[in-house]
Amino acid sequence: MADQELAFDICAEDRVPVLLHRVDQLWRQLMDSELAHHGLSQAKWRTLAILSLYPDGLIQSELAEELGIEGPSLVAMIDRLSRDEWVERVQCGSDRRCKIIRLSDRALPLIDEIRESAEKLYGRTFAELDVPGVSIPDIERYFIALRDRLYENLPEKKRQQRRRNLARAAAED
């Protein structure tokens with residue numbers, strides 16, 4: 001068995017799963033340095049960026065789902081963002097047990113700055129990237145197709161939540 005070469009090694013540095021993870025880590029580290037002057041951690045700016053996609057806000061469980069973390073892990077983050085007046089908790093009209101988390105008016109200029117920082121980083125990174133025969137739009141189309149395929153492979157409950165969030169975001173545009 002040891003003599004057989006594995007067709008796929010998820011731990012290999014040059015395989016797609018590890019590369020995706022590494023690129024994501026590096027992107028976040030670069031964004032952290034771009035936004036350090038605001039005192040924003042990765043967790044904070046990512047939370048704000050996701051909330052910016054949902055002007056009416058998300059309930060905590062939906063936000064946790066979008067961030068890929070457990071709901072209880074999000075509580076302290078929301079507390080800090082609320083204390084710093086970046087987000088607000090609003091009573092959900094249909095379920096008194098739920099609070100809707102949404103950006104505060106104070107956060108809107110910061111969202112513009114997060115977008116500007118991401119655009120600068122994107123431009124710096126991709127402007128210098130030259131892979132013959134591969135365009136940035138091709139790469140983006142590939143990752144959109146990959147993302148959609150991965151969502152299709154999630155359990156039904158997670159797919160339903162994602163569809164609800166996408167529908168809500170589309171309705172808010």
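Strand β2 (residues 87-91) is joined to strand β3 by five bridges, and the two run antiparallel. Strand β1 (residues 58-59) also pairs with β3 (residues 99-103) in the antiparallel sense, over two bridges. Pairing here requires at least two DSSP bridges between the strands, and strands are DSSP runs (E, at least two residues), as helices are (H or I, at least four), numbered from the N terminus. Residue I101 of β3 is the bridge partner of L58 and is likewise the bridge partner of R89.

The model is predicted: local features need pLDDT of at least 70 and side-chain atom pairs count only at pLDDT 80 or more, whereas totals for chains, interfaces and linings use all residues. Residues are numbered from 1 along each chain as its sequence is written, and side-chain values use heavy atoms, with hydrogens and water left out.

In the loop between α4 (71-83) and β2 lies E85, which has a positive phi of about 65° although it is not a glycine. The charged end of R106 sits over the ring of W86, 3.9 Å from the ring centre; the criterion is NZ of Lys or CZ of Arg within 6 Å of the ring centre and within 35 degrees of the ring normal.

The structure holds two aromatic pairs. Rings of Phe, Tyr and Trp (its six-membered ring) pair if their centres lie within 6.5 Å; planes under 30 degrees apart count as stacked, over 60 as edge-to-face and the rest as tilted.

| Pair | Centre to centre | Angle between planes | Class |
|---|---|---|---|
| Y122 and F126 | 4.4 Å | 40° | tilted |
| Y142 and F143 | 5.5 Å | 85° | edge-to-face |

Y122 and F126 both lie in helix α5, four residues apart, about one turn of the helix. Y122 is partly exposed at 34% relative accessible area, a class between buried (under 20%) and exposed (over 50%), with a 1.4 Å probe and protein chains only. F126 is partly exposed at 25%, Y142 at 48% and F143 at 37%.

The largest pocket has a volume of about 2300 Å³. Of its 42 lining residues, L20, D24, W27, F143 and R147 are the closest to its centre. A pocket is an open set of points on a 1 Å grid over the protein atoms alone, where a 1.4 Å probe fits, with protein on both sides within 12 Å along at least five of seven lines; lining residues have an atom within 4 Å of a point. The volume is the space filled by probe spheres set on the points, which are joined across faces, edges and corners. Helix α1 gives the most to this lining, with 12 residues.
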